[in-house]
Each structure stands twice: as structure tokens, then as C-alpha cells.
Amino acid sequence: MTEQSSTHSVKDGKKEELLEIERKMQETWKERKEYEMDACKGKKKYFTTFPYAYMNGKLHLGHMFSFSKADFAARFKRITGHNSLFPYAFHCTGMPIKAAADKLKDEMAGVRKTGQTEILRSMGIEEEEIEKFTDASYWLKYFPVKARSTLERFGAAVDWRRCFITTDANWFYDSFICWQFEKLRKQNRVSFGKRYTVYCPKDNQPCMDHDRQSGEGVLPQEYLLVKVPIEVSGKNYKLLAVEKEGLAAPYKCVVSTGVTYSVVELDGDLVIISPTCIPNLSAQNYKVKEVESVEGASLEGCTIQYRGEDLKIEGTTAIGLPASKIIISQIGSSNEKSKEPLERIYPTVKYYEPLSKVISRSGAECIVALVDQWHLNYGEDSWKALAQECIDNMDLTKETRESLNFGLGWLSKWACSRSYGLGTKLPWDPEYVIDSLSDSTIYMAFYTVKHLLSSDIFGEEPLIDKSLVDYDFWESIFGETPAAGKEPAVYNHPSVVKMREEFTYFYPVDLRPSAKDLTNNHLLFFIYNHVSLFRKELWPQKIFTNGHIMLDNEKMSKSIGNFLTGDEAIEKFCADAVRLTLASGGDTDQDSNFSQQTCNAAVLRIHKLYKAISPIFTGMRCPSLEAEVDRLEKQLKAELSTEFTEDSLMFNKVLLLKNQTISAFESLFFREGVMHGFYSLEPLIEHHSKITKNNELIKYAWLVFLSLNYPIIPHVTEYILKDVTETPFCVSEIVKRSEVAQDIVDMGEWIDKVVVHTKKTLARYRKKNKM
């Protein structure tokens, strides 16, 4: 195996040299406060946000893949003249952290083996530190710091002043979420009542998507169970059976011979059901008392009368039957339907269970319970209509639009309250905590003012008087402009005025990229809450979704060793090589692949470019990169003949590839962009460098190359130009479309075709003469 094809990192110092360049550039960016963006009236802005990661572990390659889309976009907008803001924060709300801390506590006390100690060891946490993680609050202090370090090593263009953690551990964020929910309640978007919901019996609370180890997206399935009389060994019972309602005769009844059924008292009857039904029935307010058991095999051959027919019960060895595991179905495939509704003939029981297995973060198998809880009234007609209007007006790919519209069609009331876990307490009912998918819908607005509230991520170092902060404070920043004379006292406070300026400058959110699995929960909630809480001109502009990332064409898995954390990938290959490989991975909702061989080759290619390009710019100085690129392009257009020459062809090919790269980046198709701006442009320049004497043309071409690839490989591209100008890639319009002499490009393509055809003809001629 050659060095270039190996999955092992380069050993001859190339990677180490690139890592050192990255370290120097990251220090420089930090010193210059490169990515700290403030409102600047009159300057065009671009506001990119990305779903914050959950802080129950270290960031892995999957996080980096989706995050990279946001970072590439933020950097690209920076060099197209936008005041490009990209903040980031860390999510700590919900069950996972509390459940993991409790598991560890039990394990260390010898109560039960949970595997949590080994999970922490696998993250590289020292043995003497593990015990600290029995306190859930320690996770909030530990993992956000690690995550920020990883993203800084990755070269994230983040304004870290705006970073924060969620939950009531952050006083300011807690107050902000209270304002959100109080306002939603005033708008009648929140209601209280009983609802069938997937429920964790261990935690005694609803278990929604982000509360689950497995079974995300699984909903309660309704069954109408029918009580059918049966005699077994001289005793009278009733089978609680599942029937596909409305079926016509003939029928059959099937039980599982491998199941031991329970006999329970239910509404005065002795009922035979699967024991798995009992927890669900009990949680759905049925009084159920287990009396005895009956083997499924003993039911086989018994006769029941059903809709006027005598049915002999059949047995099956299958144990995966739904609900009560007693099924009545139609024999054959007749389209005829029974006209008599089931409930008019037999007593029925309305019953729910999860459509498929759901395991909570606490490790318990979930059931369906009928519980009192607070709901967000998603799906309500008027609110849904606003969400639909927002989706219709957003810039979306066809895939993302279809997914959002599909989710909007089925999404209904969402249980937003929990009794276990971390988070903000409902302000009017503090017995409940707001769930993790409900306190993460408008935090993008919080980004715009957070740097003016506190100087740390925990809200422990306030920059304003906390006594100012209440409902009116937040409403004065984010709400409608009050009528003259109706302003609350805090409305004209200097701090509030400044925050309102920041918010109204950066809002709306221009781009929210995300993994596709958040489409039908988080992204829809993001839309619903924005259209309810903010005026129309502040609604989100664009959502972009992507698939997941595989590692060497296999699903990432710690258990089989096919796994890379963000830090491991950077240490193994360097950040710019990882970034280039992620950009090359894919742009659609289809899953992409991170090839370690490709990343290793990227290390060598980037290092080769660094060594080849750096001497070209030694000793060069200019006032700004934008001015120099513009000067060279104007000069070359004037100097190069409008007639066809090798240099005029080269110049126009560079312009064409630049335009193609810009179009791809604007659509967030970064794979397509690097195919044009990196993998096509670089060999073009290298080849022409060997045949031309026009040094200005080559200099211009490399400046275009470095500018186009700055969003992808920012460390090396800026390091090469660090002495050319003080801040090469400051906010300026370095990259813009150019007019291409298409006739020259077309002539070049025609000549290439003629050359290829001539070579093939000569090859055939020589082969024929040899014969």
C-alpha cells in the first residue's frame, strides 16, 4: 500500500507542518478577534446558525460533517462582502445527561451494572475524574469546554462571545425560555390535558424523540381490541383480540403458541391477553388485575363464535404479533367489507402501544400512557397555516421542501413538559421541566444579544443589572414595536436599545443547515415558533439538510472500532485535510462517505500546494486582497487579446471555474464547488505555469484559487498570504462573478476535441500498419 492510499497518517512531517500552520493561524484569529461580528448599519449581513450539539460526550466526525456546511457557508459569505455572523452554543436540556449521571451513580454504588463507567473511559476521561460525573452539573462544565476546543482546532469561524449553555444553570437563558413560553401561552399556543404518549415507566414521564436511546420517530399506535367469549377447560373467558375493522367473512383466529398469556380482570370480565399489554393498559387508566396465566398452545383448537361464524383457533410459532398477540383476520383477499361496526357487536377496548420498540435514555422499554401534560398545539389550523406560508417562501432544496411539507401534514400536539431531567421549569407550573426539543426553537434570537448579557457561557458573569430582566425586558428586544406612550419602562434603557439594534440587524436567520433527521421535529418546531413569536420579516430564510456520514463506506460504530472523534480526525490528518474531505463527501440528503485514504491524500496535496504556491507570493505586499484581485483581473482583461491565445484561454477558463464555484457555494453544494474550484482549477494552473511567461496571469490564478478555497481550507490559504496583506480574508468582496469570453472557451474545447480525435486516428492508423 502506498503512502497516499494508506489510512494511516503521513509520517514524514508533512501533516505535522500543516498542524503547526493551523495552530499559528488559530492563535492569530483569536488575537485579531477575527470572527467577532457586531451590527453595522448599512453593511449587508448574513446570519448562519447550526443546531447545537448535545453535551453528553465529545464531538465526533458526524457532528463535524454537518457543522462543516455551516462553517463553509459562513466563511464564503465573509469573502463575498457580508458581515457574516456564525455563533454556536451547547445543549444540555433533557434526560440524557441526568440519566447518564444517575446510571454512573448506581454503578459506582454497586446497585447495578450500567456500562456508564466504560463509556466515560472510552472518551479518554481519567479514572480519578470519572466519579465527578455522578453530578449532572459536572457534565455541563466539562463537555462544552472540550467541544469548543475541538471546534477551534477545526478552524470554526465562530463568534464565541455569543456562546452559552442551556438549562436553568444559565440564568439568562432560563429567563429567555420563560419569556418564550409565557408569550406562547398568551397566544393560546399551549394547552393542558390528557393525551396518549410514549412514556418511560422508569422515569415516570413522557419519552419524546431526544429522550430515547432507540426508536426515534416512533408514535403511539391505536388498536380497537374486541372481547370475544371463549371456553377453556370448562372456564369462561374473553379473548382480547385485534381485528382489522370492517373485514368480511370468512375469518380466522390466530394465537401464538410460544406465548404464555395472562388472564386479567378487566371491567368485570376475565380477559386473556398478552402480558406485554398489561403495563400499557394500566397506564391508560384501565383497572387491571392479573389472576392467572394460560399457555398459548392450550388455546389452539378451541372454538369461538365470531360474527355468526364458528372459528377454530389456529396456532403460530411467531411471537411478533401486535398488541394482545391474538389476531382475527380475513381468509383470502376479498374486497368485501362488513357493514356492521365492530363495537355494535362486541364490547371493545381502546388500546395504544408504541408502533415499534422504544428504549429511553434510562434504558427502560417504553409504553404508551394516557397522562396529564402540557402541550404545544402544533397542527392547530391557524398556526399550521402560518408555518406553511413560511415554508412556501423559504429557499429550500426539493428534498428538504418535501420533507418539511410531509412533517407539517402529520405533526400535531407535542408534549413539551417533563418531570425528570435538566432544563427550564414551566414558569406557571414549576412541577414540570420544558423538554429538550421545545427549549431549542428560537435560541438563534438569543445569540444576537448574548454577548451583551454575560461574558461567560454559564451566565455567571453578568454584563447588565439582572434586576432589569423580566418578561418586558425580552419583549422590548424581540417583540412588536409598542404604540407611542405604551412602551414598558425598560424599553428605552440603553442596554435594551443596543440589544434591539443587534437583533433587528442580524435577524432573520439567513441559513440553518442541519442533518436530515431533524426535519420532522426540530426544524418544524423552529418554523412553528418563529412564525408565532416574530413578525413576518423576521421569519427564517433558508434551511439546508444533509445526510449522515459513513466512515470508509461503513456506518460509524464504536463497537466495531469504525469511529473517529473530531479531535482524533484532526490529530490524524490535520484540520484542513479533514475539511476538504468532508466538503468532497456529498451535498444531498443521501448519506456521504469519509474516506481515510482520501483524507490522507488530501494531506499530501495540501502540503504540496503550500510548498509550491508560497514562493510565488514571497515579498509581495498589497493594501487588500480584494483590491489586488480586482487590479490583476482588470489588467489581464486589458492586456490579453480578445483573440484566441493560450493565455487568453487560460484566463477565461479560470474565470469560468470561479463562476461555477461561486454558483455551487451559493447553493451549498460544496462537493460540486471543490470539484470546480480545487480539483479542476489547481491542475489547470499547474499545467499552464509550465508553458507561459505571463507571471501576472499565474499570480492572479493562484489568488483566485486561494480565495475560492478559503472557506474549505482556511488555515493554509490564509497562511500563504499572511505577509501579503494584514488581514487577507477580512470582510470584503474578494470573490465575485466575472464576465467570461465564452467564444474563447468554446474554441479551446473544440481544439481539445480535435486533438483527442487526431490522437485516436493516429493510434488506429499505426495499429493497422503493424498488422
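Reader: How many Å separate the centres of domain 1 and domain 3?
Author: Keep in mind that we're looking at a predicted model. The domain assignment gives domain 1 as 38-186 + 437-507 and domain 3 as 567-740, with domain 2 at 220-354. Taken over C-alpha atoms, the centres of domain 1 and domain 3 are separated by 34 Å.

Reader: Which residues supply 31% of the area that domain 1 buries against domain 3?
Author: Let's start with the whole interface: domain 1 and domain 3 bury about 2400 Å² between them, and 64% of that is on carbon and sulfur atoms. On the domain 1 side, three residues give more than any other three, supplying 31% of the area. They're Phe72, Ile79 and Arg153.

Reader: How many residues of domain 3 are in contact with domain 1?
Author: Contact here takes heavy atoms within 4.5 Å. On that basis, domain 1 brings 23 residues to the meeting. Domain 3 answers with 31 residues.

Reader: What does arginine 153 meet in a salt bridge?
Author: Between domain 1 and domain 3 the count is four salt bridges. The cut-off is a side-chain nitrogen of Lys or Arg within 4 Å of a carboxyl oxygen of Asp or Glu. Arginine 153 has a pair at 3.6 Å, N to O, so it passes that cut-off. Its partner is aspartate 567.

Reader: Which helix gives the most to the side of domain 1 that touches domain 3?
Author: There are also twelve residue pairs in polar contact between domain 1 and domain 3, with both residues at pLDDT 80 or more. On the domain 1 side, α2 (61-78) and α6 (136-154) each supply at least two residues. The one that gives the most, with eleven residues, is α2.

Reader: How far apart in space are tyrosine 471 and tryptophan 179?
Author: Tyrosine 471 is in helix α14, residues 471-478. Leaving out residues up to four places away in sequence, tyrosine 471 touches Trp179, Glu182, Lys183 and Lys186. In sequence, tyrosine 471 and tryptophan 179 are 292 residues apart. In space, C-alpha to C-alpha, they're 5.4 Å apart.

Reader: What is the phi of asparagine 553?
Author: Look in the loop between β27 (549-551) and α17 (566-573) for asparagine 553. Its phi is positive although it is not a glycine. The value is about 65°.

Reader: Which helix holds glutamate 718, in the pair with arginine 32?
Author: The count comes to 55 salt bridges, and one of them joins the side chains of arginine 32 and glutamate 718 at 2.5 Å, N to O. This pair links distant parts of the chain, 686 residues apart. Arginine 32 is in helix α1 (residues 14-32), and glutamate 718 is in helix α24.

Terms used: Residues are numbered from 1 along each chain as its sequence is written. This is a predicted model: local features need pLDDT of at least 70, side-chain atom pairs count only at pLDDT 80 or more; totals for chains, interfaces and linings use all residues. Side-chain values use heavy atoms; hydrogens and water are left out. Domain bounds come from an automatic or database domain assignment. Buried area is the accessible area (1.4 Å probe) that two parts lose on being put together, summed over both. A polar contact is a pair of N or O atoms within 3.5 Å; within protein, one must be able to donate a hydrogen and the other to accept it, and residues adjacent in sequence count only if both atoms are side-chain atoms. Helices (H or I, at least four residues) and strands (E, at least two) are DSSP runs, numbered from the N terminus.
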